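My entries follow the structure.

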Amino acid sequence: VETSRRWLHDHIDLGLQRGEFRMYYQPLVRLEDRKLTGFEALIRWIHPERGFIMPGDFIPYAEESGQIVPMGRWTLMAVADQLRAWDALGFDGEIAVNLSSRQFTEGDLMGDARDVLARLQGLDPHRIKLEVTESMAMANPHQTAEALQQLAKMGFKIAIDDFGTGYSSLSYLHQFPFDTLKIDRSFVMRLHQGRDAQE
């Protein structure tokens, strides 16, 4: 079924009000000993009439329309609640969650982060890893770096995702207080091409 922009606009707002969005959690496993170290949080939409709507069918539109801002806030709160619930069951790892560029420019990201801290009820915020893509970070490097430094000071972990797909500027990296650098597969696929690729 073709999903029109008007339908998406109306139904994303309704979906947020009605609780149609769900978080799915992809496990992160350390290869050497198969230990579960954490999860990556992925938003999914289960619509009452249309069923499972793929992220590629609604996230780009939500980014464009700005609806990604309330969706991103909802995601952060859901992740904080899930971490608390799993911690009570003995889970001691982390949950990674993606941020949108519009949360930096249009939302109240610092306010949302403070609300997450309150929701964690004393759990270490270092167990939530906030991920931004390289291209997003480099679109406005000074503003993004400043915001990420504030978030790091609040105790959150920071990850740069898709590194190598955009600007690939190593010289900028020191501005960002990241704990994890996720290198894009396009870099890894070139490793066999000799020393330059390996460096």
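**Strand pairing**

I began with β2 and strand β3 (residues 51–53), which pair in the antiparallel sense over three bridges; two strands pair if DSSP finds at least two bridges between them. Helices (H or I, at least four residues) and strands (E, at least two) are DSSP runs, numbered from the N terminus. I noted that the model is predicted, that local features need pLDDT of at least 70 and side-chain atom pairs pLDDT 80 or more, and that totals for chains, interfaces and linings use all residues. Residues are numbered from 1 along each chain as its sequence is written, and side-chain values use heavy atoms, leaving out hydrogens and water.

I found that three residues lie between β2 and β3 in their hairpin, and that Gly 51 in β3 is the bridge partner of His 47.

I then looked up strand β1 (residues 21–30), which pairs with strand β2 (residues 35–47) in the antiparallel sense over ten bridges. Leu 28 stands opposite Gly 38 in β2. The hairpin of β1 and β2 has four residues between the strands, and Arg 34 takes a positive phi near 60° there.

On strand β4 (residues 94–98), I recorded three bridges to β2, the two running parallel. Ala 96 in β4 is the bridge partner of Glu 40.

**Helix packing**

I looked up helix α5 (residues 109–120) and helix α7 (residues 141–153), which pack at about 15° with axes 11 Å apart. Axes are lines fitted to C-alpha atoms, for helices over the stretch in contact, and angles run from 0 to 180 degrees between N-to-C directions.
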